[in-house]
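Hello,

Here is the structure I said I would pass on. My notes on it follow below.

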Amino acid sequence: MIATVLRLALAAACVAAAAAGVQMDEEMAELARMVRESCAGETGVDVALVDKVNAGAELPPDDKLKCYIKCTMETAGMMSEGEVDVEAVLALLPPDMSAHNGPALRACGTQRGADHCDTAFRTQVCWQNANRADYFLI
């Protein structure tokens, strides 16, 4: 139960921050740091790649980054068994953000790849292309 609440809180914070370009409060930022550290450790990603993306770079097709993205999406409750739950993502957004980002997120849907890591990556590439100014990875 606590893990579910944390996932929902993290998902809401991360998606809202990404969609609005808003800073997360300290508690949400700490949850994001925990997920980032956990997923970075699990996947061995070079976090400098994540930082470059957050500075405006395109998502590079790095295998470890792909699995890092999958890990963060699954931990935040945005993806399960290779399927992105766009409606759940939108439900976590404030109504104005959901209305603004809904068409693009729905159009992206789940962008199927060679495996779940590639699927998460391809979906995030679609999200980044749809709204580069607001795009953010934890």
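This is a predicted model: local features need pLDDT of at least 70, side-chain atom pairs count only at pLDDT 80 or more; totals for chains, interfaces and linings use all residues.

As background, nonpolar side chains in soluble globular proteins tend to be buried together.

Setting aside residues up to four places away in sequence, Leu 59 touches Val 53, Leu 65, Ile 69, Phe 121, Gln 124, Val 125, Gln 128, Tyr 135 and Leu 137.

How do α4 and α7 pack, and at what angle? Helix α4 covers residues 63–75, and its axis lies 7 Å from that of α7, at an angle of about 85°. The two helices are therefore roughly perpendicular. On the α4 side the contact involves Lys 66, Cys 67, Ile 69, Lys 70 and Met 73. On the α7 side it involves His 116, Cys 117, Asp 118, Ala 120, Phe 121, Gln 124 and Trp 127. By type, the residues of this contact are seven nonpolar, two polar and three charged.

Cys 67 belongs to α4. Its relative accessibility is 27%, so Cys 67 counts as partly exposed. Not counting residues up to four places away in sequence, Cys 67 touches Thr 43 and Cys 117. The C-alpha atom of Cys 67 is 7.5 Å from that of Asp 118, although 51 residues separate the pair along the chain.

**The chain as a whole**

The protein chain has 138 residues, of which 43% are buried. Its secondary structure consists of seven helices and two strands, arranged along the sequence as α-α-α-α-β-β-α-α-α. Taking contacts between residues at least 6 apart in sequence, 61% join residues at least 24 apart.

Thr 110 sits in the loop between α6 (95–108) and α7 (116–130). Is Thr 110 buried or exposed? With a relative accessible area of 17%, Thr 110 is below the 20% cut-off and therefore buried. The side chain of Thr 110 makes a polar contact with the side chain of Glu 83, at 3.3 Å. A polar atom of the Thr 110 side chain also lies 3.0 Å from the backbone nitrogen of Val 84. Apart from neighbours within four places in sequence, the residues in contact with Thr 110 are Gly 82, Glu 83, Val 84, Thr 119 and Thr 123.

Glu 81 is in the loop between β1 (79–80) and β2 (83–84). Its relative accessible area is 72%, so Glu 81 is exposed. The phi angle of Glu 81 is near 50°, a positive value in a residue other than glycine.

**Helix α2 and Ile 138**

Leu 31 lies in α2 and is buried, with a relative accessible area of 12%. For Arg 33 and Ile 138, which are 105 residues apart along the chain, the C-alpha separation is 7.4 Å.

Regards

Methods:
Residues are numbered from 1 along each chain as its sequence is written. Side-chain values use heavy atoms; hydrogens and water are left out. Helices (H or I, at least four residues) and strands (E, at least two) are DSSP runs, numbered from the N terminus. Buried means under 20% relative accessible area, exposed over 50%, partly exposed in between (1.4 Å probe, protein chains only). A polar contact is a pair of N or O atoms within 3.5 Å; within protein, one must be able to donate a hydrogen and the other to accept it, and residues adjacent in sequence count only if both atoms are side-chain atoms. Contact means heavy atoms within 4.5 Å. Axes are lines fitted to C-alpha atoms, for helices over the stretch in contact, and angles run from 0 to 180 degrees between N-to-C directions. Angles under 35 degrees count as roughly parallel, over 145 as roughly antiparallel, 65 to 115 as roughly perpendicular and the rest as oblique. Ala, Val, Leu, Ile, Met, Phe, Trp, Tyr, Cys and Pro count as nonpolar, Asp, Glu, Lys and Arg as charged, and the others, Gly among them, as polar.
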